Amino acid sequence: MSSTTSRRKFLKMSSLAAGAGFLPNTEIIGAPNLRKGPLVDKVRIGFIGTGMRGRNHVELALLRKDCEVVAICDIDPKAIAETQKMISKAGKPAAAAYGEKGERDFLRMLDKQKLDAVIIATPWEWHTEQSIACMKRGIYVGSEVCGGFSLDECWELVNAHEETGTHLFFLENVCYRRDIMAVMNMVRQDMFGEILHLEGGYQHDLREVKFNDGVNPYGGGVEFGDKGFSEAKWRTTHSLHRNGDLYPTHGVGPVAMMVDINRGNRFVHLTSTASKPRSLNEYVAKHPKGGPNHPNANLEWKLGDIVTSVIKCNNGETIILSHDTNSPRPYSLGFRVQGTKGIWMDVNKSLYIEGTSPKAHAWEKADDYLTKYDHPLWKRYENDAQGAGHGGMDFFVLNSFIECVKQNAPAQIDVYDAASWLAITPLSEASIATGSSAQAFPDFTRGRWMKKKNDFATGSY
């Protein structure tokens, strides 16, 4: 967002009204949510992790009159200071700050502050522990996305939710991308016929994220780990030690919603294959601040430059996921939706619908269809979303989270989605390690997927 003025302009509202009569129907097993009483009009929200992504969420929360940023936690004092500057610039009182007592100082924040909700935007390895800590305290939690580390971890999230009745909202913003929601609208109106196959992924050249100069977040050097800054401090190490689809949710989340995963359908098994790893070594070797003799140019990176996974769904659909964060390429999530009547692909921004498209076997531009089938949520909140991050979809995921918190309603992207999508990472690692063998998905819903209806984005948030 370009300025304080433009930020305030895009979100001139008192508080967003909750959808009349819209309470998703889901069965929760376990104790009731610890937070009781009337619906919340103003959400008292805390943030664990106030780095670049965390501050994106803080910025949007500060623009809402139905949110009060009361507490922030980060072990980096500079991140805390930058966040407090944002809060002061917005004309709001300083938030209570935590983190100076170490990595688990977030527990002190959760115990000391009266919070309705917490958003977690920390390094990946902390998400589960912090989410469970929130759920055990009856605090509605919004967790940023990543890949999982084990199936046990996924079950821990599900069990914590079912034991406490406290909700987890998995903050996958790409589910709210405008073209994705329009295509989902088309899928639901049978424009593509019966869905057969889908594709998605994370194809994003992250070399200047994985390496930097230790001062700036993007590029300028070939350092990572203790010598790196921002994501290079922690994210790059995963590429050194792990080989799998490390970041599956941007690609799988939107297509999972289109074929009703955990809502009448489920993932059954996957197979994964990885190419050889070469691009990170070459990047360091050719960088002006690196060179062929730089230690990082000779590391044995485990992450294959291209990881391809194939998922089989219970209802017969197949999904291909691509993970490509090391090689030089333009950004693309590579979506494809193929049905018995036609196809949409985001790379060429085109589609073909048999009997409707003007020429047989010829692509036509998707623009007119995306406009015609623009999702009702985008039509409703288009002006409010202007200027928000990632083309406006950050507004939608935060808005949905806040509205669910206000009603203590089940999350639109819930803990079962989180577990199923996170599980792709350890399953892909196991598949690659065993010669691309098939790996079975657990049924994290314990059979409830057979009865649950898909109400994602069917209400007013």
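This is a predicted model: local features need pLDDT of at least 70, side-chain atom pairs count only at pLDDT 80 or more; totals for chains, interfaces and linings use all residues.
## Contact of α7 with α13

Helix α7 spans residues 178-188 and helix α13 spans residues 376-385; their axes come within 9 Å and cross at roughly 150°. Because angles over 145 degrees count as roughly antiparallel, α7 is roughly antiparallel to α13.

On the α7 side the contact is made by R178, M181 and N185, and on the α13 side by P376, L377, W378 and E382. These residues divide into four nonpolar, one polar and two charged.

## Contact of α2 with α14

The axes of helix α2 (residues 52-62) and helix α14 (residues 393-407) come within 10 Å, crossing at roughly 70°. The two helices, α2 and α14, are therefore roughly perpendicular to each other.

Helix α2 contributes R53, H57, L60 and A61 to the contact, while α14 contributes D394, F395 and L398. Four nonpolar, one polar and two charged residues make up this contact of α2 with α14.

## Aromatic pairs

The structure holds 18 aromatic pairs. One of them joins F211 and W301 edge-to-face, with 5.8 Å from centre to centre and 90° between the planes. This pair links distant parts of the chain, 90 residues apart: F211 lies in the loop between α8 (207-210) and α9 (235-241), and W301 in the loop between α11 (279-286) and β9 (307-313).

F211 counts as buried because its relative accessibility is 0%. W301, at 6% relative accessibility, therefore also counts as buried.

## Ring cluster and a charge over Y247

Ring pairs link W124, Y202, W234 and Y247 into a cluster. R235 lies over the face of Y247, at 4.8 Å from the ring centre.

How values were computed:
Residues are numbered from 1 along each chain as its sequence is written. Side-chain values use heavy atoms; hydrogens and water are left out. Axes are lines fitted to C-alpha atoms, for helices over the stretch in contact, and angles run from 0 to 180 degrees between N-to-C directions. Helices (H or I, at least four residues) and strands (E, at least two) are DSSP runs, numbered from the N terminus. Angles under 35 degrees count as roughly parallel, over 145 as roughly antiparallel, 65 to 115 as roughly perpendicular and the rest as oblique. Contact means heavy atoms within 4.5 Å. Ala, Val, Leu, Ile, Met, Phe, Trp, Tyr, Cys and Pro count as nonpolar, Asp, Glu, Lys and Arg as charged, and the others, Gly among them, as polar. Rings of Phe, Tyr and Trp (its six-membered ring) pair if their centres lie within 6.5 Å; planes under 30 degrees apart count as stacked, over 60 as edge-to-face and the rest as tilted. Buried means under 20% relative accessible area, exposed over 50%, partly exposed in between (1.4 Å probe, protein chains only). A charge sits over a ring if NZ of Lys or CZ of Arg is within 6 Å of the ring centre and within 35 degrees of the ring normal.
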